[in-house]
Amino acid sequence: MKQRTLGQGLTVSALGLGCMGMSEFYGQGDDGESTATLHRALDLGVTFLDTADIYGPFTNERLVGTAIAGRRDEIVLATKFGVERRPDGTRVGVNGRPGYLRQACDASLQRLGVDHIDLYYQHRVDPSVPIEETWGALAELVAAGKVRHLGISEAAPAEVRRAHAVHPITAGQYEYSLFTRDIEDELLPLFRELGIGLVAYSPLGRGFLTGAITSAGQLDATDFRASNPRFQGENFTANRALAAGVEEIARDKGVTPAQLALAWVLIQGEDVVPIPGTKRRAYLEQNVAALDIALTRDELAALEKAAPKGAVAGDRYPAATLPRITS
C-alpha cells in the first residue's frame with residue numbers, strides 16, 4: 001500500500017476507509033459484512049480508518065473497535081467529537097466546551113477499546129465557544145497521551161488559523177471531489193501554507209460519481225440522501241447529467257466511474273488522502289485499485305469539461321444542517 005504524509009509527520013495509507021455508512025445515513029447496514037470489509041481493508045493495507053462518535057450514534061465506534069481488536073498496531077485510527085447526540089439519535093447540537101470534549105474523548109476510547117486515538121477531529125466548530133478554549137483542552141489531551149494528533153472539519157479559514165495557533169493541526173477533513181471543490185479557493189492553499197494535510201470525505205460525490213444512482217427513487221427513507229438537495233428534483237437531473245459525462249470518460253479508459261473519480265482526487269497532491277466510505281468488500285477492492293490509475297493531461301481536461309468546478313446543482317446539505325465554513 002502506498003503511503004502519504006499529512007501534517008506533523010503523520011503517515012497514513014494513501015487511501016483511507018470511511019466507516020460512517022456501515023452504521024447510519026446510507027441505508028440499512030450489515031455488521032457482518034461491515035466487519036469483513038474492515039478486515040479486508042487491513043489485509044489490503046488500507047489502515048487509515050475514520051469514524052465518529054455520532055455515527056449510529058456511538059455504534060460505529062463499537063463496530064470499528066471490535067473489528068480491529070488484536071490489530072491495533074497496524075492502524076491509524078481517527079474519530080471525532082463535537083456534534084452531540086443522545087443514544088436515541090436525537091441531535092443536541094454542536095458542543096465545543098472543554099468539559100464535554102474530555103468526556104467525549106474518554107467515551108470514544110472506551111467504545112473503540114484502545115488507549116489512544118491517533119487523529120482526533122473537532123467535527124464542527126461551536127460558535128458559542130472560543131475556538132482557543134476548545135483547542136486548549138484538545139492540547140491537554142495530547143499532553144496526556146490520549147490523543148496523538150489533532151484535526152478539524154468544516155471550519156472556516158479564520159478558525160483554522162486560530163486553532164492552529166493553539167496547537168498544530170495535522171489534518172483538515174472536508175468534502176472534496178469532482179462535484180465539490182469549494183475548498184480549492186481558500187482552504188486548500190491555507191492548509192499548504194500551514195503544513196496541514198487534507199482528508200477528503202465523500203470523494204465519490206456521495207455516490208453520484210459511482211454511476212450506481214440513476215434515480216432518486218432508489219434511495220429509501222433510511223438513506224439521508226433522500227432529503228439531500230443534490231438528490232432532489234431538477235438538481236438530481238442536472239447532477240445525473242454531470243455524472244454521466246464522467247461515466248463516459250471512465251468507459252473509454254476501461255475503469256469504473258468510482259475509480260476514475262478517486263484517481264482525480266489522488267492526483268490533487270501527495271498531501272491529499274481520500275477516505276471513500278463503503279460497507280462492502282467488493283467496492284472496497286475496486287476503490288483500492290484506483291491507486292494504480294494514472295490520468296493523462298487530456299483525461300484531466302476531459303473531466304474538467306464534463307464536471308466543471310461549481311457546476312453541481314444544490315447545496316451539500318439541507319439548509320438547517322449546512323456546515324458553516326464561510327465565516
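**Values against definitions**

Biologist: Why does Glu184 count as buried?

Modeller: Its relative accessibility is 19%. Buried means under 20% relative accessible area, exposed means over 50%, and partly exposed lies in between (1.4 Å probe, protein chains only). Glu184 is under the cut-off, so it counts as buried.

Biologist: What are we looking at, and how are its values taken?

Modeller: This is a predicted model: local features need pLDDT of at least 70, side-chain atom pairs count only at pLDDT 80 or more, and totals for chains, interfaces and linings use all residues. Residues are numbered from 1 along each chain as its sequence is written, and side-chain values use heavy atoms, with hydrogens and water left out.

Biologist: Where does Glu184 lie, and what does Glu184 touch?

Modeller: Glu184 sits in the loop between strand E10 (171–175) and helix H6 (187–194). Helices (H or I, at least four residues) and strands (E, at least two) are DSSP runs, numbered from the N terminus. Contact means heavy atoms within 4.5 Å. Not counting residues up to four places away in sequence, Glu184 touches Tyr176, Pro189, Trp264 and Lys309.

Biologist: What makes Thr5 partly exposed?

Modeller: Thr5 has 41% relative accessibility. Thr5 is found in strand E1 (residues 3–5).

Biologist: Which residues does Thr5 contact, and how far is its C-alpha atom from that of Asp271?

Modeller: Leaving aside neighbours within four places in sequence, Thr5 is in contact with Leu10, Thr11, Glu270 and Asp271. The C-alpha atoms of Thr5 and Asp271 are 6.1 Å apart, although 266 residues separate the two along the chain.

Biologist: Ser153: buried or exposed, and how do you know?

Modeller: Ser153 counts as buried, because its relative accessibility is 1%. Ser153 lies in strand E9 (residues 147–153). Beyond four places in sequence, Ser153 contacts Gln122, His123, Arg124, Gln173 and Tyr174.

Biologist: What makes H8 largely enclosed by the rest of the structure?

Modeller: Ten of the ten residues of H8 are buried, so the rest of the structure largely encloses this helix. Among them are Pro257, Gln259 and Trp264. The cover over the buried residues of H8 includes E1, strand E11 (197–201), helix H7 (233–253), strand E12 (272–274), helix H9 (281–289) and helix H10 (297–306).

Biologist: How many residues does the largest nonpolar core have, and which have the most contacts inside it?

Modeller: The largest nonpolar core has 83 residues. The definition asks for buried Ala, Val, Leu, Ile, Met, Phe, Trp, Tyr and Cys residues joined through side-chain atoms within 4.5 Å. Those with the most contacts inside this core are Leu17, Leu38, Leu49, Tyr120, Ile152, Val160 and Tyr174. Helix H8 (residues 257–266) gives the most to this core, with eight residues. A second, separate core of 14 residues includes Phe48, Val76, Ala78 and Val199.

Biologist: What is Leu17 in contact with?

Modeller: Leaving aside neighbours within four places in sequence, the contacts of Leu17 include Met22, Leu38, Val46, Phe48, Leu49, Ile275 and Leu284.

Biologist: How do you know whether the chain agrees with a compact globule?

Modeller: With 327 residues, a compact globule would have a radius of gyration near 20 Å; the chain has 19 Å, which agrees. The radius is taken over C-alpha atoms, and the rule is 2.2 Å times the number of residues to the power 0.38. Along its principal axes, the C-alpha trace spans about 55 × 40 × 40 Å. Of the 327 residues, 58% count as buried. The chain has ten helices and twelve strands.

Biologist: Which backbone feature joins Gly56 and Pro57?

Modeller: A cis peptide bond joins them, with omega at about -5 degrees. Pro57 lies in the loop between strand E4 (48–50) and helix H2 (59–68). Phe58 is in the loop between E4 and H2 too. Phi of Phe58 is near 75 degrees, a positive value in a residue other than glycine.

Biologist: Why is Phe58 called buried, and why Arg206?

Modeller: Phe58 has a relative accessible area of 16%, so it is buried. Arg206 has 8% relative accessibility, so it counts as buried. Arg206 is in the loop between E11 and H7. Its phi is near 60 degrees, a positive value in a residue other than glycine.
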